[in-house]
Structures are given as structure tokens and as C-alpha cells.
Amino acid sequence: MSSTTNTPTHHTSTIGSIGTPSRRNTELALLVFAVVIPVFAYANVGLAMEGSVPSGLLGYGLGLGLLAGVGHLVVRRFAPYSDPLLLPLAALLNGLGLVVIWRLDQSERLQQLAERQYGSFSPSAPNQLLYSAVGLALFVAVLVFLKDHRILQRYTYISMVAALILLLLPLVPGVGADVFGAKIWISVAGFSIQPGEFAKIIIAIFFSGYLMVKRDALALASRRFMGLYLPRGRDLGPIITIWAVSLLILIFENDLGTSLLFFGMFVIMLYVATERTSWIVIGLLMSAAGAVGVASFASHVQARVDAWLDPFGCYETSGACEQIGQSIMSFGSGGVLGTGLGQGHSDLIGFAANSDFVFSTFGEELGLAGVMAMLLLYALIIERGVRTSLAARDPFGKLFAIGLSGAFALQIFVVAGGVMGLIPLTGMTMPFLAAGGSSVIANWALIGILLRISDTARRPAPTPASNPDAEMTQVVRPT
Amino acid sequence: MNKPLRRIAIFCGLLVLALLIRGNWLQYVQANALQDNEHNRRISIERYAQPRGDIIVDGKPITGSAETSGSDFKYKRTYKNGPMWAPVTGYASQAFGANQLESIEDGILTGNDDRLFFRNTLDMLTGEKKQGGNVVTTLNAAAQKAAYEGLKERGKGAVAAIEPSTGKILALASYPSYDPSSFAGNSTDKDSKAWQALQKKNNPDDPMLNRALRETYPPGSTFKVVTAAAALENGLYPDPDQPTKTPLPWTMPGTTTVLKNDGNHPCENASLRVALQWSCNTVFGKIGSDLGNDKMLEKAKDFGFTSEHFTPVRANASVFSEDMAPSEVALSSIGQFNTAATPLQMAMVASAVANDGRLMKPYMVDKLQAPNLDTIEQTDPEELSQPLSEENAQILQSMMETVVEEGTGTTARIPGVKVGGKTGTAQHGVDNSEKPYAWFISYAKLSDGSSPVAVAVVVEDEDADRGDISGGGLAAPIAKNVMEAVIGNRK
């Protein structure tokens with residue numbers, strides 16, 4: 001995909017496009033597993049905790065089956081050539097997430113904690129099921145109304161504005177809500193929304209559109225210095241802007257995760273668009289400078305770094321590392337095979353056990369085996385996303401797909417790495433698993449978009465019209 | 001654009017790989033360390049998730065378990081007659097951990113011991129709940145009761161009683177004591193307050209101190225039994241009725257200080273028997289300085305001094321020093337100066353004499369039982385040492401019996417039973433400023449020649465002036481009651 005003269009009407013590229021089978025039946029078969037496994041898990045939790053099959057089993061099974069079935073039919077109808085793995089993977093993760101959230105709802109310790117803190121306890125699982133349905137509805141809407149992802153190119157700059165507004169909304173007094181130190185929530189009509197999750201997708205549209213247009217300028221107009229191609233000063237503008245916005249998020253919203261996610265996503269997309277390694281080096285240097293700079297000023301970030309360096313050190317003194325310490329002990333106590341669903345004590349983590357720290361419950365109750373399986377499920381989603389990007393025939397689609405998959409990969413790394421003590425803790429959610437509407441809804445939309453791009457990419461091309469001129473107008477670049 | 005895409009794919013793969021490696025590190029390599037981390041509440045949750053097994057005396061449990069609510073610990077420990085048994089059981093508290101038997105045999109009591117693994121696996125498969133096993137002790141409830149009640153009447157002190165032929169511990173009492181039930185839970189107002197009130201800094205009586213095993217007292221004249229054994233064994237005075245060459249007054253070698261006797265007794269050139277009967281400091285002080293530090297230390301070690309004993313609850317090491325001047329050896333040999341002994345140690349001395357010179361290793365756990373009452377481990381009696389030949393032991397027995405029949409220990413006489421004993425009053429503190437300790441060590445011998453019990457009693461003396469009589473007056477009646485309780489059990 002090195003041609004810059006492609007227009008949507010010229011299907012000259014041949015990568016993976018001819019004769020791809022639709023694989024819809026494979027998807028259906030996998031979906032059956034994706035529904036049956038969580039249903040068994042649900043029964044398992046009930047048997048372990050109450051000694052009986054939970055009464056909601058049938059409803060839960062039907063609900064999950066219905067969601068999966070609707071998803072499948074819509075894909076069959078509106079994106080018949082799309083990737084067959086993404087939907088089952090998302091459904092499986094969402095189903096398992098629901099089971100674990102329901103399991104944590106049964107925890108007496110968390111119920112008492114909620115009663116002490118808020119005066120009442122309300123289970124999260126029913127809400128999560130509702131959010132999953134809304135998420136699936138958004139997924140359906142994406143597939144039905146977004147006939148071609150390239151339409152989104154038109155909204156490049158509108159996306160930028162929208163993303164910035166979403167990102168900065170939590171800072172607006174009266175709308176933003178400060179929840180345990182991180183200002184990443186807004187409160188609308190009684191609902192809490194984490195706008196960062198949606199901004200993740202919208203800003204990917206902006207980056208893709210922007211970089212598609214500017215990539216040649218960014219790639220070619222550069223000077224060579226110490227083996228690196230350094231961009232011209234004026235081309236540095238965008239990356240410095242994004243860097244500054246990331247730092248603003250970090251400083252004013254105390255949100256290390258979102259900040260890292262945006263900057264990382266931009267660097268990845270910039271690198272893919274320009275094929276210039278120098279951008280990676282510059283990006284790494286800038287994030288290192290930003291991280292060190294902020295860490296030496298913001299006490300919030302400092303505390304998290306301290307807790308990361310020594311998870312049990314501040315136990316007696318401040319309790320600031322209570323959560324991360326508990327989380328690490330959850331993983332350790334699970335061991336290789338885990339305690340079994342419903343039989344661990346991951347609720348010791350406290351109030352964020354079913355959201356930010358939901359992965360620790362998997363660690364304790366499903367053990368190393370379960371953790372590796374979950375990570376591989378995520379790895380498969382990322383892999384299918386990158387593959388979609390590779391297969392996409394238009395640069396916008398390529399950039400969009402890699403942006404979304406890269407952001408997804410970074411998010412997994414940041415969240416799972418955080419709760420496992422690999423990197424300092426950040427307040428982000430594990431896609432599909434964590435309790436919280438924004439995350440589930442936004443990630444279902446993300447899967448929808450990836451399916452749309454992969455459908456376009458894998459759709460058998462009409463017999464290409466012979467167009468020898470197209471091959472001759474390549475831009476020759478120094479290598 | 002595909003080349004950088006492939007690189008990004010590899011990068012994403014590395015991110016996931018890093019997470020996988022971290023997962024393996026946490027959940028495989030470090031799993032055990034994290035499971036046993038001191039901050040890991042799961043350990044206590046697990047420990048109290050099922051009723052704890054019992055500690056058993058005379059076939060009856062002296063512990064129990066009660067279901068609790070409003071806490072993540074399901075069961076808490078209860079104790080029957082807690083203060084009396086505390087020196088045996090120790091405590092198991094949800095908030096403050098466990099000690100002594102509760103801690104040492106925790107694996108059996110919680111059911112987590114590896115030896116219960118097969119059973120636990122079976123239970124898991126059949127859906128049975130995990131259960132804890134039992135610890136069957138060697139103790140004698142009647143003797144323990146006699147010991148504890150006796151101390152309660154007279155004040156601070158401790159009692160240790162042993163079966164001489166096996167080393168089985170029959171009684172282990174300490175007073176003042178505490179009720180482990182009072183802080184077995186984890187409520188902040190009730191249990192924490194009870195715990196705080198029992199701590200030494202808040203309670204000068206230090207009720208949580210196990211005086212029978214962990215406190216070393218100057219043994220006073222009871223140590224003369226060891227000195228007498230040393231004299232017999234080293235051939236210094238082979239005949240107990242032969243006069244010793246002891247002048248009166250006797251000036252300690254290397255000093256101008258005269259060693260005093262308590263009261264006006266026929267101590268000049270007294271025989272060993274008479275010297276023990278009237279507890280002559282001059283005779284035993286001179287024996288000690290004549291034998292010298294090394295021989296005295298060796299004999300004390302034979303009786304178990306200077307090493308810790310694990311019953312399996314640890315008993316402190318008793319003290320007999322080395323590198324002392326002859327005058328200091330003389331003082332040490334009458335149980336003063338640096339000499340210090342636990343009540344258990346002095347009971348061991350009496351039991352070695354009663355058992356014809358053979359000292360058995362003291363122990364308090366008879367066997368460990370699985371939840372289905374199968375025996376997992378049985379403790380067999382073990383010989384620790386032989387501080388006396390059989391002959392000399394019998395000589396020493398006759399001397400100790402003289403003490404009880406017509407000496408300072410007449411208050412310990414039991415009709416129809418031969419009792420051998422030795423009183424003691426240990427002065428301590430600078431210039432004897434503190435209350436002395438009244439000691440009595442003794443054993444009982446039945447008509448068939450068997451000796452069912454040896455006992456050591458120490459009581460803090462309220463009346464400091466009565467000299468050597470206080471051992472006989474305060475401590476001996478308790479020893480007598482304990483011995484009677486054991487003999488009564490036998491009949």
C-alpha cells in the first residue's frame with residue numbers, strides 16, 4: 001500500500017482481497033462457545049457461593065444469547081465479509097465480565113463497604129447488562145449506518161474539536177466529577193460518563209484523517225541528523241500539541257492512563273503513516289520528559305509511583321498502597337490454577353474491585369491459567385485489529401484500524417500492567433470486563449468500527465480494470 | 001505502510017508478552033511468598049473459616065469454636081476454664097494471632113497440615129467440609145486444677161508437674177493468668193481492649209507470661225538437690241550418712257565473708273542427709289566450691305540446665321554460669337547468685353531423682369489426631385540424659401524423703417505414700433529488697449515402687465521473714481494437692 005494516488009474507485013491493490021470466504025458460520029460456531037462458557041461460569045459461581053444453580057441462570061443465558069444472536073445477524077446482513085473472530089471474542093469477554101461483576105455483587109464485604117460509604121448497596125451486574133445491551137445497540141448502529149468507514153474522513157477536524165471537548169469536559173465545573181482523585185468523569189442527568197473512552201475512538205478519526213493528508217510532508221521534508229530523519233520545526237507542531245494536551249490531562253485530570261493512551265496512539269499512527277523511526281524516538285523522549293516532569297510535581301502521580309515501587313512499604317504508614325498491595329496478593333493467592341470462581345477473596349481490594357481492579361478477581365479465582373487465557377483473548381482482538389489494518393486498502397482505513405487496535409493494546413497493557421504491579425497504577429478500565437457503562441459501550445462501538453473496516457478490506461474486489469498508469473505514478477522517496 | 005504495521009504488531013505482541021511474563025512471575029514464582037505475606041488477610045480468613053480442632057485433656061476438649069457474625073472470620077476460638085489452661089493452650093485470636101500449642105500445632109488444628117492432605121482431597125471430592133484435627137495432651141485435669149486453685153489462693157507463681165517415668169507433663173499452671181477467650185475475636189472495642197489490658201505495660205502482673213515455662217527464678221535451696229547429686233556422683237561424699245568436713249562458721253574461699261545458715265540447725269560436719277534435711281547452706285556451699293565450677297556446671301547440664309526445652313512449647317533455658325570464682329560457685333550451688341531455673345526445670349530435677357536417675361524428655365502432646373480421630377503422630381517417651389546412677393538416685397531419694405518426713409518439708413506428707421521433697425526460699429533483688437520466692441520440689445512414690453508424679457511449685461512469698469519455712473509453708477501444700485490429685489486419679 002504505497003500508492004498515494006488511490007481513490008475509492010480504483011481497486012488496484014490486491015492484498016488479501018480476492019476470494020476471501022465470508023466465514024460467517026465460523027463466527028456463529030464461535031459465538032455458541034462465547035455464550036456457553038459464561039453461562040457455565042455463572043452456574044459455577046452460584047454453586048460455589050450459594051450451593052445452588054443461580055435462579056437467574058436462564059435469564060442470563062437467554063440475554064447473552066440474544067445479544068450475541070442479534071450481533072451475529074446484523075453482521076451477517078450488513079458486514080458479511082468482516083472478521084469472524086472479533087464479535088465472539090468481545091461477546092465472551094463481556095459475558096465473563098458480567099459473571100465476575102455479579103460474583104462481586106454477592107460479596108458481603110463489598111456490600112457492607114458500600115453501605116458504610118454511600119448508605120446503600122446496589123448491585124452492578126444488572127446495570128452492566130443494561131450497558132452491554134446499549135453497547136450492542138451502538139455496535140449495530142455503527143454497522144447499519146456506517147456503510148463505509150471512509151465517510152468519516154470528512155469529519156477530520158470536527159472530530160478533533162469533539163474529542164478535545166470530550167477530554168476537557170471533566171474539568172468544567174458543575175459537569176465534571178472528582179472521583180477518588182481522578183477527574184475523568186462527567187455527570188449528566190444522574191449518569192456518570194467517562195468521556196475519555198469515547199474520545200479514544202473519535203480522536204482516532206482525527207489522527208487518521210490528518211495523518212493521511214500530511215504524511216508525505218511529515219515523512220519527506222526532513223533533515224538527516226545522527227542517522228535520524230528529523231522533521232522540520234513546523235511539522236513538529238501537531239505532535240507538540242498532542243503532547244501538551246496529554247500533559248494537560250495528566251496534570252489537571254490526574255489521569256495517567258488516558259494521557260499515555262492518547263500520546264501513545266498518536267505516536268503509533270504517526271510512525272505507521274510516515275514510516276519514520278525517528279518519530280518513535282522523538283515520541284519516547286517526549287513522553288519520558290513529560291512523565292518525569294509531571295511526576296516531580298504532582299503528588300498524586302508520586303504516590304502511585306511509590307506504591308508501585310514498594311507495594312507493601314506504605315501499608316502501615318499511609319495505606320496509599322493498600323489497593324495495589326491487595327491486588328498483587330490477589331494474583332499471588334490465586335496461584336497457577338486459582339481458587340475457583342466465587343471462592344477467592346479479591347473483594348479485599350475494596351471499592352474498585354469490580355471496575356479498575358476487576359482483572360485481579362480473574363487472577364485470584366481463575367489463576368495463572370485464567371489470566372493467560374484472558375490476556376490471549378485480548379491479544380487475539382489486537383491481532384485481528386492489526387490484521388484488519390494490514391488488509392485495509394485505503395490509508396485512512398489502515399491508520400484508523402491501527403490507531404484503534406494500538407490504543408486497545410496500550411489500554412490492556414496499562415490496566416493489566418497496573419493491577420499486576422508491572423507499571424504504576426492508572427485509573428483505566430479493562431475493556432468489556434470492568435463494570436462501567438462508558439467503557440462497555442465505547443468498546444462495542446470500537447469492535448463495530450473494526451468489523452466495518454475489515455468487511456471493506458476482505459470484501460472480494462470486483463475484477464480490477466486494467467490500469468497500467470496507476471502503477472507508474474508512485475512517488476519515489478529516499479530510503 | 002505495511003512494514004511499520006508489522007512492527008507495531010510485534011510491539012503489541014511484546015506488550016502482551018510482558019503481561020504474560022509478569023503474570024507468571026506473580027502467580028507462579030512469587031505465589032507462595034504472596035500467599036504468606038504478613039498483610040495477606042486470607043491467611044486468617046482461611047484459619048477461621050471452619051471450626052478449629054480441639055485441644056484435649058483427659059479425653060475432653062478444653063477448647064471449642066463459636067460461629068461469629070458480622071466479620072469475615074466465621075468461627076472464633078472459645079476456651080473452657082481459660083485462665084487455668086492458658087499456659088498449656090496459649091491463645092488463638094482472630095486479631096492477635098496465636099501462640100504456644102495453638103500456634104505450634106496450627107496446621108493440625110486448622111486442618112491445613114500436609115499430613116491431612118489426602119483426607120482433605122477426599123473431603124473435597126465428596127463435598128465434605130474441611131475439618132481440623134485434635135491435639136491430645138498429656139495433662140491431668142485434676143492435677144492442673146489442684147495446681148491452679150492452689151496458686152490462686154496464695155498469689156503469684158507457677159506449678160509444673162511431670163510423670164517421672166515418661167516425661168509426660170501433668171500440670172502446667174501460672175498465676176495470675178488470663179482468659180484467651182476474652183480476645184479471641186477481632187472486635188475493636190471488646191477484644192482489643194481486653195488484649196491491651198493484658199499487656200505487661202498496662203498490667204504489672206503480666207498475666208500473659210507463662211511462668212511455668214518462660215520465667216526463670218532463682219531456685220534457692222531446691223538447687224541443693226543438684227549439688228547433692230554432684231557430690232554423690234563425683235564421689236565426694238559417697239555415703240549420705242557420713243559426716244562432711246564442714247566447719248561452722250564457714251568462710252567462703254577467697255573472701256572473708258561467712259556463709260550463713262537459716263536458723264540454728266546442726267550443720268557443723270553434718271552428713272548429706274542432715275544437711276538436706278535442714279537445708280544447710282554451709283555444707284552445700286562448700287561442696288560446690290570443693291567440686292569446682294566445671295563439675296557443678298556439668299551436673300547442672302545433665303539435669304537439663306542451660307538448654308531450652310521444647311515440649312513442644314519452648315521453655316526458657318535455665319542458668320548455671322561458667323567461669324565463676326569459688327565463692328560464687330558456692331553461692332550458685334545453693335541456688336543463689338546467677339543460678340536461675342524455670343519451674344519445669346526444677347520438676348525435671350525431681351523427676352530424674354524419682355525415676356532412679358534417668359531424666360525423660362518432658363512433653364505435653366501425647367498425639368495428634370485427624371478429624372476422624374485417626375492418630376497422625378504419637379509422641380514416644382525419650383530419655384534426655386542420666387544425671388545419676390540408679391544407686392545414687394536411690395540414696396538421694398532417701399535423703400529427700402527424710403526432708404519430708406522429719407525436715408523442712410513436713411507439710412507435704414501424704415498418708416500411705418512416700419514423698420520426697422526439698423524446700424527453698426530464693427532471695428532476689430538488690431539486698432533482698434524484693435519478695436522472696438517460696439519453692440518446693442517433690443515427687444511421690446507408691447507402695448509398688450512406681451513414681452507417678454514429680455512436681456515443682458514456686459510462689460512469690462508475701463511474708464519475707466520466715467526463711468526456709470516459707471517453702472514448706474506456702475509451696476509444699478500446693479505440691480501435696482497436685483500429687484494427691486495424680487495419685488487419686490490412679491486409684
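**Terms and basis**

Two residues are in contact when heavy atoms lie within 4.5 Å of each other. This is a predicted model, in which local features need pLDDT of at least 70 and side-chain atom pairs count only at pLDDT 80 or more, while totals for chains, interfaces and linings use all residues. Residues are numbered from 1 along each chain as its sequence is written, chains are lettered from A and ligands numbered from 1 in the order in which they are written, and side-chain values use heavy atoms, with hydrogens and water left out.

**Chain A as a whole**

Chain A has 16 helices and five strands; helices (H or I, at least four residues) and strands (E, at least two) are DSSP runs, numbered from the N terminus. Of the 479 residues in chain A, 54% are buried. Buried means under 20% relative accessible area, exposed means over 50%, and partly exposed lies in between (1.4 Å probe, protein chains only). Among the contacts in chain A with a separation of 6 or more, 74% come from residues 24 or more positions apart.

The average pLDDT of chain A is 84, and 87% of the residues score at least 70; pLDDT is the predictor's confidence in each residue, from 0 to 100. Over residues 1–10 of chain A, pLDDT stays under 50, and the model has 19 contacts beyond four places in sequence for them. Where pLDDT is low, the predicted coordinates should not be read in detail.

**A:Phe78 in helix 2**

A:Phe78 belongs to helix 2 (residues 57–78) of chain A. With a relative accessibility of 24%, A:Phe78 counts as partly exposed. Apart from neighbours within four places in sequence, A:Phe78 is in contact with A:Leu143, A:Val144, A:Lys147, A:Arg452 and A:Asp455. A:Met374 is 296 residues from A:Phe78 in sequence, and the C-alpha to C-alpha distance between them is 29 Å.

**Helix 4 of chain A**

Helix 4 (residues 108–118) of chain A has A:Leu110, A:Leu113 and A:Ala114 as buried residues. They lie on the same side of helix 4 of chain A because they cover an arc of only 100° around the axis, the arc being that of the directions from the helix axis to the C-beta atoms. Helix 3 (86–105) of chain A is included in what covers these buried residues. The exposed residues A:Glu108 and A:Arg116 are on the face turned away from the buried side.

At the N-terminal end, A:Ser107 caps helix 4 of chain A, with a side-chain oxygen 3.3 Å from the backbone nitrogen of A:Arg109. After helix 4 of chain A comes A:Gly119, which has a positive phi, near 85°.

**A sheet in chain B**

Chain B contains an open sheet of five strands in the order 9-8-20-19-18, with antiparallel pairing; two strands pair if DSSP finds at least two bridges between them. Strand 9 (169–175) and strand 18 (418–426) of chain B are the edge strands, each pairing on one side only. Strand 8 (residues 157–162) and strand 9 of chain B run antiparallel and are joined by six bridges. In this pair, B:Ile162 stands opposite B:Ile169 in strand 9 of chain B.

**B:Gln336**

B:Gln336 sits in the loop between helix 15 (326–333) and helix 16 (343–354) of chain B. The relative accessible area of B:Gln336 is 17%, so this residue is buried. Beyond four places in sequence, the residues in contact with B:Gln336 are B:Gly220, B:Leu331, B:Thr425, B:Ala426 and B:Gln427.

Notes:
Polar contact = N/O pair within 3.5 Å; in protein donor to acceptor, adjacent residues only side chain to side chain.
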